[in-house]
Amino acid sequence: MRHTVNMSARYALLLLMVVAVLGCKGSTPPVTFYTLTPMSVIQDGGSGQASLKDVLIGIGPLKFPKILDRPQIVTRPAPGRLDLAEFKRWGGFLKEDFLSVMAENMTALLGTDQVVVYPWPGGLNPSVRIEFDVHQFDGKLGDSVVLNVSWILKTAEKTDNTHLKRSTIVQAVSGPDFDALVAAKSKTLEKLSRMIIDEMKNVI
């Protein structure tokens, strides 16, 4: 009788261990949230950009591919294949992050506070507007990020003064994780900001 009780206890303990192991394997990993970040260092605009400091600059609007307009971070592990990271997500909306970081970068590079994000606050009418149409903004973990974007620079005073550009920026990813991937995405926006300012200096 005692042998039967001991065997039953052992089976019960074994069953509890199996359930515990299965429970651990089936647990959902925590979600990590990310955000794009603006330049960390304020740059000296220099004499070539002094004429832009008093110009009201509008950033936006922005068009995004549907595949990117979602909470999950999208990666491209191979040509023709996209992965959605269910547990690696944007802390807000990627479109809003994009415009906000571009505005912060332009503010830092120009040394001005005359930069606003679409829709324009308080009925403001920017003298210069930069609109974006993003075709690709993804990358491969541990490899590189690609930003392929068309952008239009418009001036309010001259309706015919419109400049259409297309930029493809490839930025190396410094590590194998999503932290490095998102940091590389932010770096592509810094490079795009510099390109736009160079164009503005030529047309304003």
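This report walks through the fold, a strand pairing and the aromatic contacts of one predicted model.

## Ground rules

In this predicted model, local features need pLDDT of at least 70 and side-chain atom pairs count only at pLDDT 80 or more, while totals for chains, interfaces and linings use all residues. Residues are numbered from 1 along each chain as its sequence is written, and side-chain values use heavy atoms, with hydrogens and water left out.

## The chain as a whole

Let's begin with the overall layout. The chain has 3 helices and 8 strands, where helices (H or I, at least four residues) and strands (E, at least two) are DSSP runs numbered from the N terminus. Their order from the N terminus is α-β-β-β-β-α-β-β-β-β-α.

Of the 204 residues, 38% count as buried (under 20% relative accessible area, with exposed over 50% and partly exposed in between; 1.4 Å probe, protein chains only).

## Strand β6 and its partners

Strand β6 (residues 128-139) pairs with strand β2 (residues 57-63) in the parallel sense over 5 bridges; pairing asks for at least two DSSP bridges between the strands. Here I57 stands opposite V128. With strand β7 (residues 144-155), β6 runs antiparallel, joined by 11 bridges, and V134 faces V149 across this pairing. The two strands form a hairpin with 4 residues between them, and G142 in the turn has a positive phi of about 75°.

S150 lies in strand β7 and counts as buried because its relative accessibility is 14%. Its side chain makes a polar contact with the side chain of H135 at 2.7 Å (a pair of N or O atoms within 3.5 Å; within protein, one must be able to donate a hydrogen and the other to accept it, and residues adjacent in sequence count only if both atoms are side-chain atoms).

## Aromatic rings

The structure holds 5 aromatic pairs (rings of Phe, Tyr and Trp, the last by its six-membered ring, with centres within 6.5 Å; planes under 30 degrees apart are stacked, over 60 edge-to-face and the rest tilted). The rings of Y34 and F178 have centres 6.4 Å apart and planes at 40°, so this pair is tilted. It links strand β1 (residues 32-34) with helix α3 (residues 178-203), Y34 and F178 being 144 residues apart. Y34 counts as buried at 10% relative accessibility, and F178 at 12%.

F98 and F132 make an edge-to-face pair, because their centres are 5.6 Å apart and their planes at 70°. F98 belongs to helix α2 (residues 94-110) and F132 to strand β6; both residues are buried. Ring pairs link F64, F98, F132 and F137 into a cluster. Finally, the charged end of K185 sits over the ring of F137, 4.1 Å from its centre (NZ of Lys or CZ of Arg within 6 Å of the ring centre and within 35 degrees of the ring normal).
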